[in-house]
Amino acid sequence: MSVTRRAHSTGNVTWRAKVFFEGRVIAQRSFGRRVDAKRWEADQLAKLDAGSWIDPARGRMTFSALAEEWQASRGHLAVRSQETTRFLLDKYVIPEIGAYPISGISAADVERVMSALTARGLATATRRRALSMMRLVFDYAIRDRRLSVNVARMVALPRGGTKREPHWLRPEQLGRLVMAVPPLCQPVVLFLGTTGCRFSEMAALRVDDVVQTPHGLAVRVHRAATQSKRTSGAVFGPTKTHQTRTVPVPAALDEYVRTRVAGAAPGEYLFPSPTGSVWTNTNFRARSGWMEATRRVGVEGTTIHDLRHTAASLLIAAGADVKAVQVMLGHSTATMTMDLYGHLFSEETWQAMERLPAIPLMQAPREIEAPSEQDAGPFD
């Protein structure tokens, strides 16, 4: 920071104070007296040290412009994640507050956006995502010292059911479903229902990802082919957790995998579509006749993602510990695994219920009979 003297051709003298942050001027102002310039400089320095300094001029940018900057900063994230926030911004948020200067947006404005989403009949999960996204946009402005307060965090997340409860198939149900889909789709259903891989991870697997370990065949899961909401095509990128994991090949698929590796050229997909290309969720549902297949075997309503839950339940029933299930499914933490499937790991609650003492049940009370005439009191 510095205060410099400036002499004008009129003979007047002003004092120019500049605020520097990370090697650049972030604010400057002129004063008629040096003491005023120094006082303003000291005030800005104190706010910078406390982390509460903001640039009023930069707070005049519109929410729409800020959201564009924030969206551009998320290029490292999965395409589906970027598409979701892009859709929420364009469809629901920017039409409401996009033209507002960010420093002028209040918690009441954010609440108005949420009320508009409720009026449109949007699900709780969608409204929660919209508010969480606005919170992240304002967090971005705070980190860049454009704002000092995140008004979106003053608004409570909508309450209510936000997600479908996990649903899984029993082993015999999984077997019937595998046999109900066309032969080319059977390895996919079996793989998803026994390994717990995400559909996008399965679709991206190539024959080069198959590895021989001391324990048997395995696949290295290190990429995903997510389906774009905008183009409906597959977009390749990292896994959801940006991590690589090794997943054992189930015994039921050992022969399929060995035959596929032996007969395919390097780079070909381990589970190819009928044209030899990558599966997308939409294409697989159509080719497998998913809706009809699930209805025919008596598991109507089962989704492809439920195969992931099925694998988790089968692994736990087979005695796998929390860490093993976490690694197989690619969860970021064991806590996430326990939150979803913790009730399947422990039998203590059921054993405790079985140890409860017998509770004698009361007989149903008899109906109160109307008093007879001889029972009537002297005042009746």
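Q: Helices here are DSSP runs of H or I with at least four residues, strands are E runs of at least two, and both are numbered from the N terminus. How many helices and strands does the protein chain have?
A: The chain comes to 15 helices and eight strands. This is a predicted model, where local features need pLDDT of at least 70, side-chain atom pairs count only at pLDDT 80 or more, and totals for chains, interfaces and linings use all residues. Residues are numbered from 1 along each chain as its sequence is written, and side-chain values use heavy atoms, with hydrogens and water left out.

Q: Thanks! What share of the 380 residues is buried?
A: Buried residues make up 39% of them. Buried means under 20% relative accessible area, exposed means over 50%, and partly exposed is in between, with a 1.4 Å probe and protein chains only.

Q: And what share of the contacts with a separation of 6 or more joins residues 24 or more positions apart?
A: That would be 58% of those contacts in the protein chain. A contact means heavy atoms within 4.5 Å.

Q: On to helix packing. At what angle do the axes of H4 and H5 cross?
A: Roughly 155 degrees, and the axes of H4 (residues 107-119) and H5 (residues 124-143) come within 10 Å. That makes H4 roughly antiparallel to H5. Axes are lines fitted to C-alpha atoms, for helices over the stretch in contact, and angles run from 0 to 180 degrees between N-to-C directions. Angles under 35 degrees count as roughly parallel, over 145 as roughly antiparallel, 65 to 115 as roughly perpendicular, and the rest as oblique.

Q: Is the crossing of H4 and H5 left-handed or right-handed?
A: H4 passes H5 in a right-handed crossing. The near helix is turned clockwise from the far one by less than a right angle in a right-handed crossing, and anticlockwise in a left-handed one.

Q: Which residues make that contact?
A: H4 brings Val-110, Val-113, Met-114, Leu-117 and Thr-118, while H5 brings Arg-127, Ala-130, Leu-131, Met-134 and Phe-138. They divide into eight nonpolar, one polar and one charged. Nonpolar covers Ala, Val, Leu, Ile, Met, Phe, Trp, Tyr, Cys and Pro, charged covers Asp, Glu, Lys and Arg, and the others, Gly among them, are polar.

Q: How do H3 and H5 pack?
A: H3 (residues 79-97) and H5 have axes 10 Å apart at an angle of about 80 degrees, and they are therefore roughly perpendicular to each other. On the H3 side you'll find Thr-84, Thr-85, Leu-88, Leu-89, Tyr-92, Val-93 and Ile-97, which meet Thr-126, Arg-129, Ala-130, Met-133 and Met-134 in H5. By class, this contact of H3 with H5 has eight nonpolar, three polar and one charged residues.

Q: What about H12 and H13, at what angle do they pack?
A: About 155 degrees, with the axes of H12 (residues 306-317) and H13 (residues 322-329) 10 Å apart. H12 and H13 cross in a right-handed way. Arg-308, Ala-312, Leu-315 and Ile-316 of H12 meet Val-325, Met-328 and Leu-329 of H13.

Q: Where is His-309, and what does it contact?
A: His-309 sits in H12, and it counts as buried at 9% relative accessibility. Leaving aside neighbours within four places in sequence, His-309 is in contact with Pro-166, His-167, Trp-168 and Tyr-341.

Q: Is Leu-177 buried or exposed?
A: Leu-177, in H6 (residues 171-180), counts as buried at 0% relative accessibility. Not counting residues up to four places away in sequence, Leu-177 touches Leu-169, Val-189, Trp-290, Ala-293, Thr-294, Val-297 and Leu-307. Leu-177 and Gly-298 are 121 residues apart in sequence, yet 9.0 Å apart in space, C-alpha to C-alpha.

Q: Switching to backbone angles: what is the phi of Ser-232?
A: Ser-232 has a positive phi of about 70 degrees although it is not a glycine. Ser-232 lies in the loop between S6 (224-227) and S7 (234-237), and is partly exposed at 43% relative accessibility.

Q: And the phi of His-242?
A: About 60 degrees, again positive for a residue that is not a glycine. His-242 is in the loop between S7 and S8 (245-248), partly exposed with a relative accessible area of 49%.

Q: Last one: how many disulfides are there?
A: Zero, with a disulfide being a pair of cysteine sulfur atoms within 2.5 Å. Cys-185 counts as buried at 2% relative accessibility, and Cys-197 counts as buried at 3%.
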